[in-house]
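Hi everyone, thanks for coming along. Please have a look at the sequence and the structure on the screen, and then I'll walk you through a few places in it.

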Amino acid sequence: MSISGTDAYAKESHLPPLVERALAAARAHGFAHSCRPEQGRLLHALAGGAGEAIGETGTGCGVGLAWLASGAREGMRLVSVERDPERARVAAEVFADRPDVEVLCGDWRRIEERGPYDLLVLDGGGTAKVEDDSPADPARLLVPGGRIVIDDFTPSADRLPLHEGRVDRARLHWLRHMALETVQIPLARDLATLVGTRRWIAGAETSWRNFEQGQVVRGVVRDIQNFGVFVDLDGAEGFVTVPELSRHHVEHPADVVHVGQEVTAEVLAFELFRPQVRLSLAALAPDPLAEFAREALGRVVPGTVTKAVPFGVFVRVAEGIEGLVHHDALAGSAVPGVGDELSVEVSDINLPRRRVVLRPAP
């Protein structure tokens with residue numbers, strides 16, 4: 001969030017229409033901390049060079065996301081997470097006519113649900129700027145060669161960058177991160193941005209220290225943190241990120257495993273700069289979405305509306321499985337409310353993207 005970022009647009013002209021729309025929403029709701037125009041233009045340019053997916057933490061009222069969406073090429077998907085429910089609602093309305101843009105409400109770690117990304121902008125969590133904010137893991141959240149952006153630093157040319165007279169440890173974390181090649185870009189006299197590119201080492205090797213990708217191993221849970229679980233593999237360090245703990249949504253790793261527990265996991269990749277073996281418990285579990293796809297694709301199933309958004313409604317059609325009924329499919333009929341029972345036809349399932357498309361039953 002940029003201090004007085006919304007006001008910084010007072011003298012700006014010729015903005016992308018989507019940015020104008022988001023600015024109007026921010027002003028109407030008194031949100032002062034929008035992405036500044038200097039940063040917005042950088043995001044616009046970076047989005048144009050991204051591959052398939054863009055993520056953002058800290059949506060605000062959607063100004064930064066609007067810059068990203070305006071620069072993104074056709075066919076890309078954009079996901080942003082906002083912890084404030086009202087701001088998330090406002091932003092979702094801004095992008096109501098953009099099915100390629102998804103605004104999630106909740107803790108910034110929900111961004112992991114849709115990763116990995118070609119471009120990830122950290123503006124509302126995961127930056128390590130405050131003591132209780134765990135840094136995001138670029139090796140997990142970015143594809144090799146993907147870029148991460150951390151905004152709102154004060155320009156500094158010193159070898160040890162300072163903030164308010166002290167060493168800026170958050171900035172050092174990103175500038176020295178072994179998984180990234182990071183540069184500092186001064187955008188204005190009072191504004192600098194960090195842009196890091198994920199190295200290609202992570203995950204490139206298929207074997208290391210007698211481990212191989214796809215191998216099934218056993219280990220003991222050594223430590224549990226809110227961002228994942230450390231596993232002892234007979235002296236080698238294994239790590240399981242939260243999304244790889246279970247096929248279902250996990251609030252906290254301690255809900256799935258406990259210290260001292262023996263676990264079985266699949267080897268995903270190797271982070272040689274740590275060194276560390278990346279593991280997955282979820283990979284060995286039956287995939288409920290794949291099972292659902294085999295049974296339900298093309299059929300009419302009962303469901304319960306769990307959430308209404310400007311572009312449609314989400315319907316739970318099985319345990320842990322929700323699909324979207326787009327508002328275009330609801331044209332001419334009353335929009336159901338949360339808790340309503342609805343018969344829907346399963347028209348499409350995308351397993352890699354974990355997306356289920358529904359439409360009202362005829």
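Let me start with a definition: buried means under 20% relative accessible area, exposed means over 50%, and partly exposed is in between, with a 1.4 Å probe and protein chains only. By that scale, Cys105 is partly exposed because its relative accessibility is 34%.

A word on where this comes from: it is a predicted model, where local features need pLDDT of at least 70, side-chain atom pairs count only at pLDDT 80 or more, and totals for chains, interfaces and linings use all residues. Residues are numbered from 1 along each chain as its sequence is written, and side-chain values use heavy atoms, with hydrogens and water left out.

Back to the cysteines. How many disulfides does a search of the whole structure find? The count is 0, taking a disulfide as a pair of cysteine sulfur atoms within 2.5 Å. For Cys61, the closest cysteine sulfur is the one in Cys105, and at 13 Å that is too far for a bond. Cys61 itself counts as buried, because its relative accessibility is 2%.

Leu119 has contacts, meaning heavy atoms within 4.5 Å, with residues including Leu46, Ile54, Leu68 and Val149.

Next, Arg77, which sits in strand β2 (residues 77-82). What does the Arg77 side chain reach at 3.0 Å? That would be the backbone oxygen of Arg114.

Last stop: His29, in the loop between α1 and α2. His29 is partly exposed, at 41% relative accessible area. Beyond its neighbours within four places in sequence, His29 touches Glu86, Arg89 and Val90. The C-alpha atoms of His29 and Val90 are 8.4 Å apart, though 61 residues separate the two along the chain. Meanwhile, the His29 side chain reaches the backbone oxygen of Ala25 at 3.0 Å.

Conventions: Helix = DSSP H or I, 4+ residues; strand = E, 2+ residues; numbered from the N terminus. Polar contact = N/O pair within 3.5 Å; in protein donor to acceptor, adjacent residues only side chain to side chain.
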